[in-house]
Amino acid sequence: MQDIINRLKKEIFVCDGAMGTMLQKHGLSAGECPEYWNLTKAEKLVLVHREYIEAGADIIITNTFGGNRLKLQKYNLEGKLKEINISSVANAKLAVEQSGRPVMVAGDIGPTGSLLEPLGFLSVKEAYEAFKEQVLALAEGGADLLIIETMIALEETVAAVRAAKENSKLPVIACMTFDVTPNKDVRTVMGVDVPTMVTELTKAGADILGSNCGNGIEQMVEVIRAIRANTDKPLIAEANAGMPKLKDGIIYYDGTPEVVASFTGALIETGANIVGGCCGTTPAHIKEIKNQIERRKNK
Ligand SMILES: [Zn+2]
């Protein structure tokens, strides 16, 4: 546990890029449960993980973003929850083993997809129990750390971090998704600001803080700057490949690997210790981010 935290004091790690984008490339259709592929198309998962490792990722993330009970229920797959989460770690670990590189496997935890009370019907306790169930499966599978991502609601994120810390011994990364306004106000769509996020997630026990997704790469630099102004903890930045665009009813991202990676230096200078990618990023983006980091080292 202290190992990664200590290493992050002197090293910059590269995390992988989008999973959904890659699964779509491999034939995942709309309406299909991406997490079920851990069981039904394991060889494709291993392939995607391998591509990210070969691109230079030091940390790869399991295909379990929607691997909690509340999300799996929508596909009537809640009975397979444990199996899906455990096999996701096995797929990632197999890719690591095949590569022969010491890559860490982060168990991915996404939102429940339901609003918490009083805005919605889900209680904090129910959210906590859903996260706990997934944490236990990912830990049993042998994940090296856990990453909580794409969170916009404070209480839900706190419940996820607490569930992760109280039910595993793994280091926990907690990321929220922020939008940056032109006058540089940084908030999630649910209105959570950066100082509140840092205070509450630190109190809940998060070891690494950061942000993923959001409304642009330049904007991610501002998000990291704002988080760094509030904490000394290691930080992770995973921006999308630019802004989402719509063509023929399909959302895509047109940020090239070169453009996306050109912000790597700015992200590190503003405080990021881990740089990866979110929606629309591919192994080509991660490879270019890795190149940028190597170039900085050799300066
Ligand atoms: Zn994203």
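1. Helices (H or I, at least four residues) and strands (E, at least two) are DSSP runs, numbered from the N terminus. The model is predicted: local features need pLDDT of at least 70, side-chain atom pairs count only at pLDDT 80 or more, and totals for chains, interfaces and linings use all residues. Residues are numbered from 1 along each chain as its sequence is written.

2. Asp248 sits in the loop between strand S10 (244-247) and strand S11 (250-253). Its phi is near 50 degrees, a positive value in a residue other than glycine. Asp248 counts as exposed because it has 5 C-beta neighbours inside 10 Å.

3. With 9 C-beta neighbours inside 10 Å, Asn76 counts as exposed.

4. Pro118 belongs to the loop between strand S3 (104-109) and H7. The peptide bond joining Glu117 and Pro118 is cis, with omega about 5 degrees.

5. Helix H4 (residues 42-55) has 14 residues. Its buried residues are Leu45, Val48, His49, Glu51, Tyr52, Ile53 and Ala55. They pack against helix H2 (20-25), helix H3 (37-40), strand S2 (59-61), helix H6 (81-99) and helix H13 (283-297); contact here requires C-beta atoms, placed from the backbone, to lie within 7 Å. Just after H4, Gly56 has a positive phi of about 120 degrees.

6. Ala57 is among the residues with the most contacts inside the largest nonpolar core, along with Leu146, Ile148 and Ile173. That core has 93 residues; a nonpolar core is a set of buried Ala, Val, Leu, Ile, Met, Phe, Trp, Tyr and Cys residues joined through C-beta atoms within 7 Å. Not counting residues up to four places away in sequence, Ala57 touches Val14, Cys15, Asp16, Tyr52, Val103 and Ile286.

7. Ile227 lies in helix H10 (residues 217-228) and counts as buried because it has 26 C-beta neighbours inside 10 Å. Leaving aside neighbours within four places in sequence, its contacts are Val194, Val198, Leu209, Gly210, Ser211, Leu235 and Gly271. The C-alpha atoms of Ile227 and Ser88, 139 residues apart along the chain, are separated by 31 Å.

Key
Expected span 1.5 Å × (residues − 1). Buried ≥ 20, exposed ≤ 12 C-beta atoms within 10 Å, placed from the backbone. Contact = placed C-beta atoms within 7 Å.
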